[in-house]
Amino acid sequence: MKHALVDPRPTWFAITRRNLLRGALAATLAASVLTACDNDDKVTHWYGSWSASPQDYNEPFPVAPPPSFFNNQTIRQVLRTSVGGDQVRVRFSNLFGTSPLEIAGARIALSAGGSSVKPASDKELRFNGNASATIPAGGELWSDAVELEVGAEEDLAVSLFLATETAVSTVHAIALRTHYVVTGNALSTETLSGAETRGSYYFISGVDVRSSAKANVVVAFGDSITDGVGTTPDTSRRWPDYLSRRLRADGSAGTVSVLNAGISGGRILTDVIGPSGVNRFERDVLSQTGVTHVIFLLGINDIGLSAFVPEQEVSVEQMTAGTQSLIDKAKARGIKVLLGTLLPWKGANAGGVPYYSEAGEAKRQAYNSWVRANKTVDGVIDFEQALRDPVDPLALLPAYDSGDRLHPSDKGAEAMANAVDIRLLHDP
């Protein structure tokens, strides 16, 4: 089994379309800023317990809702762990910023529901011993580790104070969690009365926990289906959430953390709606703390978005080559790779524009045939078979359809989690 190093220090920086001109400088800055401070002994390990893949707020779709900046405001963001531990640290991200991100203060606590925290658990987050931090454009920064007993499947609240006008740059657009914003420094306030609400994550991209229990870390790498579009907000009913709970209840694979690295609208090969899979795989999968497995489910947008932008159409051969390049990278690091088949999508449309087409369906079937025949991976998860309608196999089973013929409902997400053979997630 592969375990996390005690103090992982990723030195990567993914260059996106907007960042090409400043790539070399930003890469250097990110390498020097992205650090993790701890005092582990030999019997403890760090593991990723939550993640949200960074996106550029200024990309055309999907975008985070207004405001476009914060000024003298506290943002309290709620997230759910997958595995627990006795210490935590938070990764703050200015990956898509064009100027330094000034963090005037930050805290973490167990959530008490809504905008409230449990006061006895409330802890200050520091950065190399300092109460504030500056993250340069293109950089990310781990907080120092803090003592906090965190359970598996437990809600945490991360509060961030931005004292000066700060342009929104790095987000995760569709959080499916309600977050809270108030004026002034309310970091230590138990309940943020009268707060405005938001539905995106801002400037945070990961939470690690320290534990003496050995654990596997599984990264679910995908698009809006993995991101949870179509499931009920504030209930943690994305398919990776269901998988995390199923693994915990089953117990046969030991302790397993499931991280969500889905980006709505994402594709294997093309940027614009979030970084492409080939451009973000190093950051969002290979650099996760303690990663042992990846479940790959991308491709339906590479096919369907040609209805919107024909000039971005790609062939099945290009899709499979892109996917295989990522499989090879993961395998070179000793990470197990599980490939998922693309779900049925007959009748799907997006914004009134037909998403499904017969030509696209032929591509989907060809890609799925390649997935099922791939001998370089450690397993195949046949999501298509698990969710299709026996009466109309090209379509989602109605009970699993959220209503748009593309995204699974809560029941559909649960069926996806149940389609995973847990034996594939045992030790590498």
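The lining of the second largest cavity divides by class into three nonpolar, five polar and four charged residues, where Ala, Val, Leu, Ile, Met, Phe, Trp, Tyr, Cys and Pro count as nonpolar, Asp, Glu, Lys and Arg as charged, and the others, Gly among them, as polar. This is a predicted model, in which local features need pLDDT of at least 70 and side-chain atom pairs count only at pLDDT 80 or more, while totals for chains, interfaces and linings use all residues. Residues are numbered from 1 along each chain as its sequence is written, and side-chain values use heavy atoms, with hydrogens and water left out.

**Cavities**

- A cavity is a set of points, on a 1 Å grid over the protein atoms alone, where a 1.4 Å probe fits but cannot get out, and its lining residues have an atom within 4 Å of a point.
- Grid points are joined across faces, edges and corners, and a volume is the space filled by probe spheres set on the points; by this rule there are two cavities of 30 Å³ or more.
- The second largest cavity has a volume of about 50 Å³, and of the twelve residues that line this cavity, the closest to its centre are Pro-54, Arg-91, Ser-205, Asp-284 and Gln-288.
- The largest cavity has a volume of about 300 Å³, and of its 26 lining residues the closest to the centre are Trp-50, Arg-80, Arg-238, Asp-241 and Asn-260.
- Strand S1 (45-51), strand S4 (73-80), H3 and S21 are the elements that give two or more residues to the lining of the largest cavity, which by class has nine nonpolar, ten polar and seven charged residues.

**Sheets**

- Helices (H or I, at least four residues) and strands (E, at least two) are DSSP runs numbered from the N terminus, and two strands pair if DSSP finds at least two bridges between them.
- Five strands form an open sheet in the order S21-S20-S22-S23-S26, with parallel pairing; its edge strands, S21 (255-262) and S26 (379-381), each pair on one side only.
- Strand S23 (residues 336-340) pairs with S26 in the parallel sense over three bridges, and Gly-340 has Ile-381 in S26 as its bridge partner.
- A three-stranded open sheet has the order S2-S15-S18 with antiparallel pairing, and here strand S15 (residues 170-172) pairs with S18 over two bridges, His-172 standing opposite Tyr-201 in S18.

- Helix H3 (residues 239-250) lies across S20 (215-222), S21 and S22 (291-297) and runs at about 180 degrees to S21, contact meaning heavy atoms within 4.5 Å.
- Helix H6 (residues 316-332) lies across S20, S22 and S23, and runs at about 155 degrees to S23.

**Salt bridges**

- The whole structure contains 22 salt bridges, each defined as a side-chain nitrogen of Lys or Arg within 4 Å of a carboxyl oxygen of Asp or Glu.
- One of them joins Glu-282 to Arg-333, with the closest N and O atoms 2.8 Å apart; this pair links distant parts of the chain, 51 residues apart, Glu-282 being in helix H4 (residues 277-286) and Arg-333 in the loop between H6 and S23.

Technical notes. Axes are lines fitted to C-alpha atoms, for helices over the stretch in contact, and angles run from 0 to 180 degrees between N-to-C directions. On a 1 Å grid over the protein atoms alone, a cavity is a set of points where a 1.4 Å probe fits but cannot get out, and a pocket is an open set with protein on both sides within 12 Å along at least five of seven lines; lining residues have an atom within 4 Å of a point.
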